[in-house]
Amino acid sequence: MTKQDEFSSSKSANRGPAIDIDHVLNTAANLFADHGFDGVSTREIAKACGCSLPIIYYHFSNKQTLYNEAFANRIEDAIDIIRGRMSDDMSARDRLKQLVAGFFDLFTQERSLLLLVQRDIAQVASSQGQFLCRRQHIYFMRFIRDLASEVLGHEADAHTVFTINAMLLGYVEFYHLVNEGGEKLPGESDEARIAALQESVLRVLGV
C-alpha cells in the first residue's frame with residue numbers, strides 16, 4: 001500500500017459511515033429552499049438522501065449545522081463561479097459588470113438558489129433575529145463592496161452596497177415571477193436585460 005493509499009484509507013476511516021456529502025448538501029439545500037429551515041426535518045432530509053438519520057447526525061451534529069453547511073456550499077459555489085468569469089486584466093468596471101451578469105445567469109437559471117437566500121432573509125424578518133447564515137450574506141456583500149469601491153476609487157458606503165444587492169435580488173425575483181406567470185419580460189433577450197441591469201448598477205455608483 002502506498003502512502004497515498006494509507007492516507008486515503010485513514011481519511012475514509014475518520015469520516016465514519018460512507019456518504020456522498022455533496023449529494024446530502026445539495027439535497028438539503030433544495031429542501032430548505034422549498035420549505036425553509038423550520039419547514040423540513042432532518043429525518044425528511046435523510047430520507048430524500050437515501051440514508052439513515054444516524055448517518056446524517058454522524059456527519060452533521062444538528063440541523064443548524066447541516067443548514068449552515070448546505071447554505072454555505074451553495075452560495076460559495078455560486079460566488080466562485082462568478083469570480084471565475086473575471087480576470088486580472090479586466091478593468092474594475094468590467095469586473096463589476098461580470099458580477100452582475102454572473103448573478104443574473106446563476107439566480108435565473110437556478111430558482112432554488114434564489115429561494116434559499118430569500119428564505120434566510122424571511123427568517124430574519126419573521127423572528128426579528130439574525131440570519132441563520134450571516135457569514136455568507138456578509139461574504140457576498142463584501143464581494144460587492146470591494147468591486148464597487150474599485151470602480152469608485154474609494155470605499156463604497158454601506159447604503160450603496162445594500163442598494164446594489166437589493167437591485168440584483170429584486171430583478172431576478174421579478175424575472176421568475178413574470179416567467180412563472182406566463183408573461184413576457186421587457187427587453188428582447190436576456191443579454192439585453194443583463195446590459196440594462198449592468199447600466200442600472202453603474203448609475204447607482206454615479207459612473
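Tutor: Terms to begin with. Axes are lines fitted to C-alpha atoms, for helices over the stretch in contact, and angles run from 0 to 180 degrees between N-to-C directions. Helices (H or I, at least four residues) are DSSP runs, numbered from the N terminus. This is a predicted model: local features need pLDDT of at least 70, side-chain atom pairs count only at pLDDT 80 or more, and totals for chains, interfaces and linings use all residues. Residues are numbered from 1 along each chain as its sequence is written, and side-chain values use heavy atoms, with hydrogens and water left out.

Student: OK. At what angle do the axes of H2 and H3 cross?

Tutor: Roughly 125 degrees, for H2 (residues 21-35) and H3 (residues 42-49), and their axes come within 9 Å. That makes H2 oblique to H3. Angles under 35 degrees count as roughly parallel, over 145 as roughly antiparallel, 65 to 115 as roughly perpendicular and the rest as oblique.

Student: Which residues in H2 and H3 meet?

Tutor: On H2, His23, Val24, Thr27, Ala28, Leu31 and Phe32; on H3, Glu44, Ile45, Ala48 and Cys49. Contact means heavy atoms within 4.5 Å.

Student: Now H5 and H8. What is their packing angle?

Tutor: About 15 degrees, with the axes 10 Å apart. H5 and H8 are therefore roughly parallel to each other. Phe71, Ala72, Ile75, Glu76, Ile79, Ile82 and Arg83 of H5 make the contact with Arg135, Gln136, His137, Tyr139, Phe140 and Phe143 of H8.

Student: And how do H8 and H9 cross?

Tutor: At roughly 115 degrees, their axes coming within 9 Å. So H8 is roughly perpendicular to H9. Phe140, Met141, Ile144, Arg145 and Ala148 of H8 touch Val161, Phe162, Ile164, Asn165 and Leu168 of H9.

Student: Switching to the largest pocket. What volume does it have?

Tutor: About 480 Å³. Of its 26 lining residues, the closest to the centre are His137, Ile138, Phe140, Met141 and Asn165. On a 1 Å grid over the protein atoms alone, a pocket is an open set of points where a 1.4 Å probe fits, with protein on both sides within 12 Å along at least five of seven lines; lining residues have an atom within 4 Å of a point. A volume is the space filled by probe spheres set on the points, which are joined across faces, edges and corners.

Student: Which helix gives the largest share of that lining?

Tutor: H8, with 8 residues. H5 (63-83), H6 (92-109), H7 (111-127), H8 (134-152) and H9 (158-180) each supply at least two.
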